[in-house]
Amino acid sequence: TLRKPISQSSMADWASKNLNMHTQGIFRRRISISNMLSWNGGSIKKPMLITSNRTIKKEACEMFKLVQSYMGDRQTRMDRNHVALVTVTKCWSMQGLRDELYIQLIRQTTDNTCYRSLAWGWELMAISLAFFSPSPKFQSYLEGYIYRHLDSDENIAQRIKELVDLKNKKNSKSRKKRKQNTEDEGLPISTYAKYCYRKLQKVAVTGGKKGLRKPTVEEITHARNAIVTPSLFGSSLEEIMLRQQDMYPSNKLPWVQTQLSQQVLALGGEQTEGIFRIPGDIDEVNALKLQVDQWRIPSSLSDPNIPASLLKLWYRELEEPVIPQQFYKECISNYENPDAAVAVVQLLPELNRLVLCYLIHFLQIFAQPSNVGRTKMDVNNLAMVMAPN
């Protein structure tokens, strides 16, 4: 159940307590909160958020330049993929920079008169949410900001026009003007906002990218593509089946489910001690996930724990569980009654029932006594590691 995001007045209250108020001019006048949270073409001399960490203070100012470079508001020799990679890696490696990045992106996507720059700012936010979550105290603020943009396309176009008109009145002809662009270059902002909203709900629970390997350009590209092309992980069963219709029109089951299951067996998983209990190397699992999302199964796999871990992750990350929430009470109250349990399965939507029956059939292979002797994973152990997914 989605929480109702915090109100604008609560957001203003949060900002007044947490923003590191900037000053300007020779008299060091404090900049207002609204100016602190509006697009800025210059650089910043201190972080947006209050911090006592010297490293964060220095890195925050450099990161603001990277954000401007990605959005096309600052010239750079790096391509945008590399700019995104450097930005994301800084925050992924240094937890204290994560909220700072999100507040910088909020600033640069507020009252931005260049649509292309605005869209790229939202794109960078979407990419970042694939790798790390904001802190719990900042999450509701970010959620509130994204929520206000879910159906805001007309308002944004109108706001850009108003700001451009205002600037044109203020600016003399001799002064250099920023290139204005109100045309829809790329996706509507609401598309980015809807993606970010869903992604934020998930990353707040999962915590983002795990493992020791730093983010890669391939992962950056994949995160960007996922805005338009939903991943096979974290989507609904219906979305997954819709995606595979062109490639595998005759398949009644998700390709990802059957392929990973077959890989576990092909690598001798039913004879591997601790299968499904012992996790595969997290970096190897991440690498396989990237391949599977491109409809590829590498031939170099040797450890059955890797596809087994990814298979569990796929079940766990489904937008709605294989057994939908409305059947939860019936399931836990009928766990000792086989007939009632089967009756619940019969009530499931057809696609969910097919997916669940395939999983049960798959696990029955591991439950055979000849395999349990090797895996040490009897029915009770299998249930314990698989049910939470």
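Me: Thanks! How many salt bridges does the structure hold?
Reply: The structure holds 11 salt bridges, where a salt bridge is a side-chain nitrogen of Lys or Arg within 4 Å of a carboxyl oxygen of Asp or Glu. A word on the source: this is a predicted model, in which local features need pLDDT of at least 70 and side-chain atom pairs count only at pLDDT 80 or more, while totals for chains, interfaces and linings use all residues. Residues are numbered from 1 along each chain as its sequence is written, and side-chain values use heavy atoms, with hydrogens and water left out.

Me: Good to know. What does Asp 151 form a salt bridge with?
Reply: Its partner is Lys 194, with the closest N and O atoms 4.0 Å apart. The two sit in distant parts of the chain, 43 residues apart: Asp 151 is in the loop between helix H7 (136-147) and helix H8 (153-170), and Lys 194 is in helix H9 (residues 189-206). Helices here are DSSP runs of H or I with at least four residues, numbered from the N terminus.

Me: And is Asp 151 buried or exposed?
Reply: Asp 151 counts as exposed, at 69% relative accessibility. Lys 194 is partly exposed, with a relative accessible area of 42%. The cut-offs are under 20% relative accessible area for buried, over 50% for exposed, and partly exposed in between, using a 1.4 Å probe and protein chains only.

Me: Where does Arg 198 come in, and which residue does it pair with?
Reply: Arg 198 forms a salt bridge with Glu 319, the closest N and O atoms being 2.3 Å apart. This pair also links distant parts of the chain, 121 residues apart, with Arg 198 in helix H9 and Glu 319 in the loop between helix H14 (305-317) and helix H15 (328-333). Arg 198 is partly exposed at 37% relative accessibility, and Glu 319 is partly exposed at 40%.

Me: What about Glu 219, which residue does it bridge to?
Reply: Glu 219 pairs with Lys 209, and their closest N and O atoms are 3.2 Å apart. Glu 219 lies in helix H10 (residues 217-225) and Lys 209 in the loop between H9 and H10, so the pair ties together parts that are 10 residues apart in sequence. Both Glu 219 and Lys 209 are buried.

Me: Which residues do salt bridges with shared partners join into one network?
Reply: That network is made of Arg 198, Lys 202, Glu 239 and Glu 319.

Me: Switching to domains: what does the assignment give?
Reply: It gives domain 1 (8-165 + 187-228) and domain 2 (237-387), with bounds from an automatic or database domain assignment. Their centres, taken over C-alpha atoms, are 37 Å apart.

Me: How many salt bridges are counted between domain 1 and domain 2?
Reply: The count is 4. The area buried between the domains is about 870 Å², and carbon and sulfur atoms give 48% of it; buried area is the accessible area (1.4 Å probe) that two parts lose on being put together, summed over both. In domain 1, Arg 198, Arg 213 and His 222 lose the most area to domain 2, together 53% of what that side buries.

Me: Last one: which residues touch the most other members in the largest nonpolar core?
Reply: Among its 64 residues, those are Ile 103, Trp 122, Met 125, Tyr 141, Leu 142 and Ile 146. A nonpolar core is a set of buried Ala, Val, Leu, Ile, Met, Phe, Trp, Tyr and Cys residues joined through side-chain atoms within 4.5 Å. Helix H6 (residues 115-129) gives the largest share of this core, 9 residues.
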